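Let us walk through this model together, from the overall fold down to a handful of individual residues. Keep the viewer open as you read.

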Amino acid sequence: MILALFLGWVLIAGMGDRPPAAAAEPPAADQLIEADLLYLTRDSDGHLAHGTKVLDALAQRHPDVRDEVLWRLSRTEKWLGDEASGKSEQLAHYERAEALAKEGIKANDRCVECHFWLGVAYGKIGILRGVLNSLFLVGPIETEMQTVLRLNPQHSGAHHVLGVVYRLIPWFAGGSLEKSIAELALAVRLNSFSTIHYVELARSYAAAGMKEKGLEILDELAQVTAPYDPTQAKTDRVQAAQLRQELTHS
């Protein structure tokens, strides 16, 4: 028995000298959540770049979630385009967002967010090039948003995009402030924590000459204390303040 105890002690002591086993890689779903959290805090130093690295590495190791990686990368490129200073740089990011979303659809044609971010990229490209020069993109944007809503009828973002498009395009291309307001009001109802919905709805009310309704919507935005996207909310609150000034003094 003494010999057995001694051998056991030697075995345990020997194990203590061994390097620890490599930590198991987190599941792909956990890494996607990590990337999403980094995106939501993308205004913090290094978070956006780190999130992109997480996604790039995940794409290499888990081809089964390729579509989930690609739409998130498309979302990042869209944000980088929004933040870019020059038109050529903006366009490069938006076109990259378009390409990534299309790749995601090739990987999975039922990927809701791939279709959504493709439509968003089309819209950003259209606005940058000028609405009248980009009317040919209206059909593709509507098609992508209709696909999103067919796959997920509760997708507030799709109603948001349609609402903005219907405000920006002329009547002969399908534009309508009534339709714009209806779509954006529905977006707010579906996701009352998304601050950007309120800003665009207020703009559509303003465009329709309904200043008081616009100001009411901005008041509702001010009551959102736990925004869906905290980083986006900072931009939205600045724009809301500017819009309030315009509506109050017009």
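Helices (H or I, at least four residues) and strands (E, at least two) are taken here as DSSP runs, numbered from the N terminus. With that in hand, the protein reads along its sequence as α-α-α-α-α-α-α-α-α-α-α-α. The radius of gyration, taken over C-alpha atoms, is 24 Å, well over the 18 Å that the globule rule gives for 250 residues, so the protein is more spread out than a compact globule. That rule is 2.2 Å times the number of residues to the power 0.38. As a tally, the protein has 12 helices and 0 strands.

Before going further, a word on the ground rules. This is a predicted model, in which local features need pLDDT of at least 70 and side-chain atom pairs count only at pLDDT 80 or more, while totals for chains, interfaces and linings use all residues. Residues are numbered from 1 along each chain as its sequence is written, and side-chain values use heavy atoms, with hydrogens and water left out.

Now turn the model around. Along its principal axes, the C-alpha trace spans about 95 × 40 × 35 Å. The accessible surface (Shrake-Rupley method, 1.4 Å probe; for residues, only the protein chains shown count as cover) comes to about 13800 Å², and 59% of this belongs to carbon and sulfur atoms. Of the 250 residues, 44% count as buried, a label that means under 20% relative accessible area, with exposed over 50% and partly exposed in between (1.4 Å probe, protein chains only).

How do the parts of the chain meet? Taking contact to mean heavy atoms within 4.5 Å, residues 24 or more positions apart account for 59% of the contacts with a separation of 6 or more. As for charge, there are 25 positive and 32 negative side chains, and the centres of the two sets lie 3 Å apart. Lys and Arg count as positive and Asp and Glu as negative, while His and the chain ends are not counted; the place of each charge is NZ of Lys, CZ of Arg, CG of Asp or CD of Glu.

The structure holds 1 disulfide, the term being used for a pair of cysteine sulfur atoms within 2.5 Å. Cys111 and Cys114 are the partners, with 2.4 Å from S to S, and both of these cysteines are buried. The torsion about their S-S bond is about 75°, so the disulfide is right-handed.

From here, visit some residues within helices. Arg75 sits in helix 4 (residues 66–83) and counts as buried at 11% relative accessibility. Leaving out residues up to four places away in sequence, Arg75 touches Asp36, Tyr39 and Trp117. Gln90 belongs to helix 5 (residues 87–107) and is also a buried residue, at 15% relative accessibility. Beyond its neighbours within four places in sequence, Gln90 is in contact with Gly81, Asp82, Ala84 and Leu128. For a sense of distance, the C-alpha atoms of Gln90 and Glu34, 56 residues apart along the chain, are separated by 26 Å.

The loops are worth a stop too. Leu135 lies between helix 6 (112–129) and helix 7 and is partly exposed, with a relative accessible area of 24%. Its C-alpha atom is 7.6 Å from that of Ile169, although the two residues are 34 apart along the chain. Ile169 is also one of the residues that Leu135 touches, together with Pro170, Phe172 and Ala173, again not counting residues up to four places away in sequence.

Asn152 occupies the loop between helix 7 (138–151) and helix 8 (156–168), where it counts as partly exposed at 27% relative accessibility. Its C-alpha atom and that of Gly46, 106 residues apart along the chain, are separated by 33 Å.

Finally, find Val224 in the loop between helix 11 (211–222) and helix 12 (230–249). Val224 and Arg237 are 13 residues apart in sequence and 10 Å apart in space, C-alpha to C-alpha.
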